[in-house]
Amino acid sequence: MEHWGERFEHSYANLCVLQFLAREGCRAVMAEKGTRVFLLQAGETQPLLQMCGAMFSAFPFGCPSCTVSYTGMQYPLKEYPLRSDFPLGVSNRIVTETASVTVHTGEMLGVLYQPRADL
């Protein structure tokens, strides 16, 4: 997507489209100005290649919690529950060229931020 929406409700609706596509078995990414947003479901892993220095945030989406594991990040996690009422998954720095996030339970909205022209 080139533009997420001028108004917040449009942005939220686009996030819901990501969820719909994921539940239909599709992989989709919203991208704009150094930011990528994607949704992962339980059992899915997303490699984060050549992203050293980027910031990664993870949030449960459409559920009260999700259990995730991170590799290659400043604060690695192993099957850790993230809750929607306490945003502990915000702003983790990727510290290796090969990182990944795995969702064990629930659905996770992932946000990658790297202010570079090639993102």
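Author: Happy to! Let's begin with the open sheet, whose 5 strands come in the order S1-S2-S9-S4-S7 with antiparallel pairing. Strands S1 (29-32) and S7 (92-93) are at the edges with a single partner strand each, so one side of each has no neighbour in the sheet. Here strands (E, at least two residues) and helices (H or I, at least four residues) are DSSP runs numbered from the N terminus, and two strands pair if DSSP finds at least two bridges between them.

A word on the background: this is a predicted model, where local features need pLDDT of at least 70 and side-chain atom pairs count only at pLDDT 80 or more, while totals for chains, interfaces and linings use all residues. Residues are numbered from 1 along each chain as its sequence is written, and side-chain values use heavy atoms, leaving out hydrogens and water.

Within the sheet, S4 (residues 55-60) and S9 (residues 107-113) run antiparallel and are joined by 6 bridges. One of the residues involved is Phe 56, whose bridge partner in S9 is Leu 112.

Now for the loop: Thr 96 sits between S7 and strand S8 (98-105). Thr 96 has 29% relative accessibility, so Thr 96 counts as partly exposed (between buried, under 20%, and exposed, over 50%, with a 1.4 Å probe and protein chains only). Beyond its neighbours within four places in sequence, Thr 96 is in contact with Cys 52 and Gly 72 (contact means heavy atoms within 4.5 Å). The side chain of Thr 96 also reaches the backbone oxygen of Thr 98 at 2.9 Å.

Technical notes. A polar contact is a pair of N or O atoms within 3.5 Å; within protein, one must be able to donate a hydrogen and the other to accept it, and residues adjacent in sequence count only if both atoms are side-chain atoms.
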